[in-house]
Amino acid sequence: MAIAMAREFLVLSAASSSSVFSSSLLTSNTYKTSVALAKTSAIFGPKSHCSQSRYSQAVVRAQARPTWLPGLDPPPYLDGSLAGDFGFDPLGLGEDPASLRWYVQAELVHARFAMAGVAGILFTDLLRVTGINKLPVWYEAGATKFEFANTTTLFIVQLILMGFVETKRYMDFINPGSQAQEGSFFGLEAALEGLEPGYPGGPLLNPLGLAKDIKNAHDWKLKEIKNGRLAMVAILGIFVQAYVTHAGPIDNLLEHLSNPWHKTIVQTLAASNS
């Protein structure tokens, strides 16, 4: 019995020693693992955090600055300060600041002419198609003879008026604010109140009093240039449409609606080439 008790004591002692050794080993391994993780965090942690921070900043900038092609970096000279700037300049035309300033004004003027042209074409074509007024189709309007004046007189009057207005606009572009000085516009300077080049104001050209604070009128500028760009695309489509179909836009629309599946741009172009 004594021998059995001795054996049990030895077994328990060995088990206890083994448990203590295992616990010590586990504690030692845990400590070493913690130290290794701490060193790894110290080495890679800040860099990873910095990379994540830079990535977050890049994502925020990308979300705050929409471009014409998502994910495309805009040119450095198109920094988003211009109205309607979506970084589109594949030919690099705006690299020169002076040229960029001129192109901005040129686009603005062409956009306004396009909006006026599209509205005029659609309105007169609607009057003609509905029979309210016997107006010529828009591309033949220039050849129409009017009773109150002959064509030569109208051409000369238009040349003088448009030449005067465009000259004044160019002078204001070269020297901003010069055309708002007293005596520069027959005493009508107060009625015009030029806000900045390309944006005249006053009761004559801004009767509703919109965007009086032109420096903070980014939304109004953006809406105008977006609608103007859409109008330029529309007027180009009207030109091509008239050349191919020899009809006005309202006539083309009615013809398409009469048979939407068989009278489309595809069938029209195919018929014109045959």
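This is a predicted model: local features need pLDDT of at least 70, side-chain atom pairs count only at pLDDT 80 or more; totals for chains, interfaces and linings use all residues.
Which element gives the largest share of the lining of the second largest pocket? That share comes from α2, with eight residues. Let us work our way towards that pocket, beginning with the model itself.

Residues are numbered from 1 along each chain as its sequence is written, and side-chain values use heavy atoms, with hydrogens and water left out.

Helices here are DSSP runs of H or I with at least four residues, strands are runs of E with at least two, and both are numbered from the N terminus. Of the 274 residues in the protein, 19% are buried; buried means under 20% relative accessible area, exposed means over 50%, and partly exposed lies in between, with a 1.4 Å probe and protein chains only. The protein exposes about 20,300 Å², and carbon and sulfur atoms supply 67% of that area. Those areas come from the Shrake-Rupley method with a 1.4 Å probe, and for residues only the protein chains shown count as cover. As for contacts (heavy atoms within 4.5 Å), among those with a separation of 6 or more, 46% are between residues 24 or more positions apart.

Now to the pocket. The second largest pocket has a volume of about 970 Å³. A pocket is found on a 1 Å grid over the protein atoms alone, as an open set of points with protein on both sides within 12 Å along at least five of seven lines; a cavity, by contrast, is a set of points where a 1.4 Å probe fits but cannot get out, and lining residues have an atom within 4 Å of a point. Grid points are joined across faces, edges and corners, and the volume is the space filled by probe spheres set on them. This pocket has 33 lining residues, and Leu82, Leu100, Tyr103, Val104 and Glu107 lie nearest its centre. The elements giving two or more residues to the lining are α2 and α6 (218–245). By class, the lining has 18 nonpolar, seven polar and eight charged residues. In this scheme Ala, Val, Leu, Ile, Met, Phe, Trp, Tyr, Cys and Pro are nonpolar, Asp, Glu, Lys and Arg are charged, and the others, Gly among them, are polar.

Leu93 sits in the loop between α1 (2–64) and α2, and is partly exposed because its relative accessible area is 45%. Leaving aside neighbours within four places in sequence, Leu93 is in contact with Ser99 and Tyr103; its C-alpha atom is 8.5 Å from that of Tyr103, 10 residues away in sequence. Pro97 lies in helix α2 and is exposed at 61% relative accessible area. Pro97 and Tyr77 are 20 residues apart in sequence, with 8.1 Å between their C-alpha atoms.

Further along, helix α2 (residues 97–130) meets helix α7 (residues 249–258): their axes come within 8 Å and cross at roughly 65 degrees. The contact is made by Ile121, Leu122, Asp125, Leu126, Arg128 and Val129 of α2 together with Pro249, Ile250, Asp251 and Leu254 of α7. These residues divide into seven nonpolar, no polar and three charged. The axes are lines fitted to C-alpha atoms, for helices over the stretch in contact, and angles run from 0 to 180 degrees between N-to-C directions.

Helix α6 deserves a visit too. Lys221 is found in α6 and is buried, with a relative accessible area of 15%. Not counting residues up to four places away in sequence, Lys221 touches Ala83, Glu196, Tyr199 and Ile214. Val244, also placed in helix α6, is partly exposed at 22%. With the same exclusion of sequence neighbours, Val244 touches Thr268, Leu269 and Ser272.

Most residues other than glycine have a negative phi. His246, though not a glycine, has a positive phi of about 55 degrees. His246 counts as exposed at 60% relative accessibility, whereas Ala247 counts as buried at 17%. Beyond its neighbours within four places in sequence, Ala247 is in contact with Tyr139, Ala242 and Asn252. Ala247 and Tyr139 are 108 residues apart along the chain, and their C-alpha atoms are separated by 9.0 Å.
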